[in-house]
Amino acid sequence: MYPPKHHQDSDINHLIKVIKAYPLATIISVKDNVPYITHLPLVYEKGKLIGHIDIYNPQTELLKNNTDITVLFYGPQCYISPSIYSTTQLPTYNYIRVHLKGKVTAIEDKDALKQSLIRMTEFLESPNPKYTLEPNNPRLEANLSYIKMFEINITHWEGKFKLSQDKKPKDTKAAREELIKRSQESIKQFLDNVFKAN
């Protein structure tokens, strides 16, 4: 299989677009050779990633003190059948991934936490917001003591874009269209299967 195209610092804008379009991240911390893994939405702000975590999550204690962290973002993915190409090819799998490394620190200010939760809600509700998290929301106030805010200073960027770039333009376009079609179809089929009536 053709290896993915690696995107480095010159392509950071492409990676930021992936992060903004697919904000649910996998964050990985290591303590005593044991990995701690949590899935959380992260918002990219002014060169940093901002997140919030439940105080009872065991990884919370590792999200401070400039600790090392690895973050993964997942863009679209799908199997590509040789049947879509105009030339003879082998089966492959196309995907978009972003791998980041950084240093994480806790933000202890409750007002900052509150404003950050409001901003994250605005971001996740865009571009057509149907809900606004108001600052005086009593449920928000009641839960501030159970949420920790953290920020990640990104030290290393790496993008892995495997999109049939080595093919003829016609075949690359066909692979792109297949990625769109199969991604939509696979989500529907999966959800229909998981949530089908008994």
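Predicted model: local features only at pLDDT ≥ 70, side-chain atom pairs only at ≥ 80, totals over all residues.
In helix 1, which covers residues 12-21, the buried residues are Ile12, Leu15, Ile16, Val18 and Ile19. When the helix is seen down its axis, these buried residues fall within an arc of 155°, so they line one face of helix 1. The exposed residues Asn13 and Lys17 are carried on the face of helix 1 that is turned away from the buried side.

Helix 2 consists of 16 residues (110-125) and reaches 22 Å from its first C-alpha to its last, which is close to the 22 Å expected at 1.5 Å a residue. At the N-terminal end, helix 2 is capped by aspartate 109, a side-chain oxygen of which lies 2.7 Å from the backbone nitrogen of aspartate 111. The buried residues of helix 2 are Leu113, Lys114, Ser116, Leu117, Ile118, Met120 and Thr121, and the buried residues of this helix pack against strand 3 (34-41), strand 4, strand 5, helix 3 (138-143) and strand 8.

The structure holds 2 aromatic pairs. Tyrosine 44 and tryptophan 157 form an edge-to-face pair, with 6.0 Å from centre to centre and 65° between the planes. This pair links distant parts of the chain, since tyrosine 44 belongs to strand 4 and tryptophan 157 to strand 8, 113 residues apart. Tryptophan 157 counts as buried because its relative accessibility is 9%, below the 20% cut-off. Tyrosine 56 and tyrosine 146 form a tilted pair, with 6.5 Å from centre to centre and 35° between the planes. This pair, too, links distant parts of the chain, with tyrosine 56 in the loop between strand 5 and strand 6 (67-80) and tyrosine 146 in the loop between helix 3 and strand 8, 90 residues apart. Tyrosine 56 counts as exposed because its relative accessibility is 63%, whereas tyrosine 146, at 40%, counts as partly exposed.

Definitions and conventions. Residues numbered from 1 in each chain as written. Heavy atoms only, no water. Buried < 20%, exposed > 50% of the residue type's maximum accessible area, 1.4 Å probe, protein only. Helix = DSSP H or I, 4+ residues; strand = E, 2+ residues; numbered from the N terminus. Arc of directions from axis to C-beta. Expected span 1.5 Å × (residues − 1). Contact = heavy atoms within 4.5 Å. Polar contact = N/O pair within 3.5 Å; in protein donor to acceptor, adjacent residues only side chain to side chain. Phe/Tyr/Trp six-rings, centres within 6.5 Å; stacked < 30°, edge-to-face > 60°.
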